[in-house]
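Subject: A structure for you to look at

Hi,

Here is the structure I promised to pass on. Please open it alongside this email, and then read on for what turned up.

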Amino acid sequence: MPNNPKDKKFFPNSGAAFSDFLKTVRGGKFAVAGHMRPDGDCIGSQVAMAFLLRKFGAESVVCINKHEVPFLYKDFICGETFLPADDFCDKSFEIITVDCADLKRTSENLSALFPTPAACFDHHVSNKPYARANIIEPSATATGALLAGLMFDNNIDFPPEIANALYVALMMDTRQLTTSNTDLRSFEIASRLVEAGADPAEVSIKLYQREKFGRMKLLAEFLQSLEMHFGGRVCVGVLPCGVYERTGSCKEDSDGLVDYARNIDGVEVAALLEELPEGGVKGSLRSKRPETRVNEIAALFGGGGHFAAAGFNSGKPLAEFYPEFLKAVAQHLKI
Ligand SMILES: [Mn+2]
């Protein structure tokens, strides 16, 4: 083991592909594409990639996404131009994707117009290589962690605002370094990013202290609706029709509400059952641990997802669906 930890490479297996890719950048025109409904890892990675391309001599660089940069991340785009993917058709540009396991995740338009991107940087285990250069590290906890690691490995300097964008990427995909895949390397990269100028306290204020009043009112209604079942092992909350209008919130504000139910001590399965205006129920499921496999409960109702986070839609009215759902959960948990 080298004495100086900085001699250690974060991503030795991708080093050669990364160097080869950088040699192709000079003079090129690049559109850095992220996935639809972009998250913090996507935006932070796009911004860092745009910086890198320009640093290595790209003539023109833009960022493109199907959906707009979410309000939370607008402070971290470092002056980059984000264009709507549905309108982008300039074939003098090459596409580089970040954080997209599948080219279709960019947009229908882009995947049809640019079937073979110049490069793909990703950390999804499901990624099937679709670009000319595929730099994929499934053990990286964020695409931003992969990009940061590759830049550290190659002694590529970047300014504090890029360190901040990459830090945001890492924090969002690891839920502030707490997800089950968070490893020592994630902490080391976070530490190097702070050394490069990332500001954890400022990032934390900008990401976690910007709640909207309407969302807080929605949360209050959701918490009020929580019911415990089976001795506290299952917690279910509902959002009735009209709740968004009543609280001055919107549909996106329901993201993450179900986590409050999961966070209760002793709860193994948490559910948010939302009554849809067109009829039926949208369900979001969470478990504390992946072994609980809530995706298998979701599958009973035609949905799916991950072991600890899954979802489904049912056509049945909430009052009819609720008891059926409880029965299915009890069977799954062998209660
Ligand atoms: Mn990601």
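A residue is called buried when its relative accessible area is under 20%, exposed when that value is over 50%, and partly exposed in between. Please keep in mind that this is a predicted model.

Let's start with the overall layout.

Next, have a look at helix α8, which covers residues 213-225. With 13 residues at 1.5 Å a residue, α8 should span 18 Å, and the 19 Å between its end C-alpha atoms agrees with that. Which residues of α8 are buried? They are Gly-214, Arg-215, Leu-218, Leu-219, Phe-222 and Ser-225. These residues cover an arc of only 140° around the axis, so they sit on the same side of α8. Phe-213 and Gln-224, on the other side of α8, are exposed. Among the elements that cover the buried residues are β7 (227-229), β8 (234-239) and α10 (257-262).

Now for the charged pairs. Side chains of opposite charge can pair when their charged atoms come close. How many salt bridges does the structure hold? There are 17 salt bridges, and here are three of them to find on your screen:

- Arg-215, a buried residue with a relative accessible area of 12%, meets Glu-211 in a salt bridge of 3.2 Å, N to O. Glu-211 is partly exposed, at 41% relative accessibility.
- Arg-192 pairs with Glu-195, with 3.7 Å between the closest N and O atoms. The two are three residues apart in helix α6 (residues 184-195), so about one helical turn separates them. Is Arg-192 buried or exposed? Its relative accessible area is 16%, so Arg-192 is buried, whereas Glu-195 is exposed at 53%.
- Arg-132 and Glu-94 form a salt bridge, their closest N and O atoms being 3.0 Å apart. This pair links distant parts of the chain, 38 residues apart: Arg-132 is in the loop between β5 (119-122) and β6 (133-136), and Glu-94 is in strand β4 (residues 94-98). Arg-132 is exposed, with a relative accessible area of 55%, while Glu-94 is partly exposed at 31%.

One last thing to look for is a network of salt bridges that links Arg-175, Asp-259, Arg-262 and Arg-286.

Happy exploring, and write back with any questions!

Best wishes

Terms used: Residues are numbered from 1 along each chain as its sequence is written. This is a predicted model: local features need pLDDT of at least 70, side-chain atom pairs count only at pLDDT 80 or more; totals for chains, interfaces and linings use all residues. Side-chain values use heavy atoms; hydrogens and water are left out. Helices (H or I, at least four residues) and strands (E, at least two) are DSSP runs, numbered from the N terminus. The expected span of a helix is 1.5 Å times one less than its number of residues. Buried means under 20% relative accessible area, exposed over 50%, partly exposed in between (1.4 Å probe, protein chains only). The arc is that of the directions from the helix axis to the C-beta atoms. Contact means heavy atoms within 4.5 Å. A salt bridge is a side-chain nitrogen of Lys or Arg within 4 Å of a carboxyl oxygen of Asp or Glu.
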